[in-house]
Amino acid sequence: MSVAAAAVDVAVDGLDVSVYKIPTDAPESDGTLAWDSTTIVVVEAHAGGVTGLGYTYGPPAVGTFVTDTLAGVVRGADALKVRDTWARMQTQIRNAGRHGVGAMAVSAVDNALWDLSARLLDLPLVRLLGQIHDHAVPYGSGGFCSYDSERLQRQLADWAGQGMTRVKMKVGRHPGEDRGRVRSARAAIGADVQLMVDANGAYHAQEALGWAAWYAEQDVTWLEEPVTSDDLDGLAVVRAQGPPGMLIAAGEYGWTLWHFRRLLEHGAVDCVQADVTRCGGMTNVLRADALCQVHNAPLSAHCAPALSAHVMCACQTAVHLEYFHDHVRVESMLFDGVLAPEDGVLTPDLSRPGHGLELKRQDAERFAVS
């Protein structure tokens, strides 16, 4: 009997949850927040002797939420009916809240279930999701406000040297330093690499317009979250009145599909960013792609590149994914099978079932959170 035939009517046996906290390799900050560690919540779903792996980046409370609120819903569910289980998880978390911790918990489980389903069918995950693109295009992301000029230049130049045609840096925390930092970044990457900036909501709308004009003079092509992503009116003002050619992006805090719909219908962004570890997992990333098709807008993946590569290759409107320094580092430390850029792109490994990631338990144990 084939693996695919054996997978029919296989019930999910249960979920295992583990949490790991990894110190950053240097102090990090953006326009509105500073941190010195990254916490990842890993979910493993079991069925038919096979294990699927998913995760999210969030506090340990996300793991508790999975165990206390979602595990009972998932246990016994058909391992191949991922969307059905997703819908039942949404019903289960109604009173707890579908934003924040609830959304991250659902995302981690959904990601694990998609991987489980692909492994049961002995398929690469990208093929099960409906592959459209052969590869995903990463852009280097980091350039934290806490970096000195030398470290900033070294990091961005390294990504450019790997063949990436776009790199992104943080701005907005110390406005008096940002002109020098942006000029240093441009000098490091040269004229042929696109420079993107992320303010993480540090500006108000009129302030953002002033900065957008200056960034355009430096050939910056992307301004992310110039104002908080909750301020749809402010985003729309910056988009409408900003310099031609400057793409306004937001969406990383889209916990539900409704957030992406509001961004698009309000004319608030040129590009939607969906985070597979926050927005409801791969199930909702695919739906965000459909929304972008309707609005003729591009879709970009926010962070978690090891997961994002597969699902973005199944999204028609995908343009690129964020190769975020922290997550690249964490994923390489904790998992085997992580994709590395080759010729400036990430190509899913079609020789491995699922997304191909395997938890390096012994390496991960020293970072475990009780």
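Reader: What should I know before I start?

Author: The model is predicted: local features need pLDDT of at least 70, side-chain atom pairs count only at pLDDT 80 or more, and totals for chains, interfaces and linings use all residues. Residues are numbered from 1 along each chain as its sequence is written, and side-chain values use heavy atoms, with hydrogens and water left out.

Reader: How many helices and strands does the protein have?

Author: Helices (H or I, at least four residues) and strands (E, at least two) are DSSP runs, numbered from the N terminus. Here there are 14 helices and 13 strands.

Reader: What does the radius of gyration say about the protein?

Author: The radius is taken over C-alpha atoms, and the globule rule is 2.2 Å times the number of residues to the power 0.38. For 370 residues, a compact globule would come near 21 Å; the protein has 20 Å, which agrees. Its C-alpha atoms fill a box of roughly 65 × 40 × 40 Å along the principal axes.

Reader: Is histidine 327 buried or exposed?

Author: Buried means under 20% relative accessible area, exposed over 50%, partly exposed in between (1.4 Å probe, protein chains only). Histidine 327 has 8% relative accessibility, so it counts as buried. It sits in helix 13 (residues 325–334). Across the protein, buried residues make up 59% of the 370.

Reader: Which residues does histidine 327 contact?

Author: Contact means heavy atoms within 4.5 Å. Leaving aside neighbours within four places in sequence, histidine 327 contacts Thr38, Tyr57, Cys303, Ala304 and Pro305.

Reader: Which residues touch the most other members of the largest nonpolar core?

Author: In soluble globular proteins, nonpolar side chains tend to be buried together. A nonpolar core is a set of buried Ala, Val, Leu, Ile, Met, Phe, Trp, Tyr and Cys residues joined through side-chain atoms within 4.5 Å. The largest core has 120 residues, and Ile40, Tyr55, Tyr215 and Leu334 touch the most other members. Helix 4 (residues 101–120) gives this core its largest share, 12 residues. A second, separate core has five residues, including Tyr139 and Trp222.

Reader: What does tyrosine 55 touch?

Author: Not counting residues up to four places away in sequence, its contacts include Ile40, Ala108, Thr277 and Leu357.
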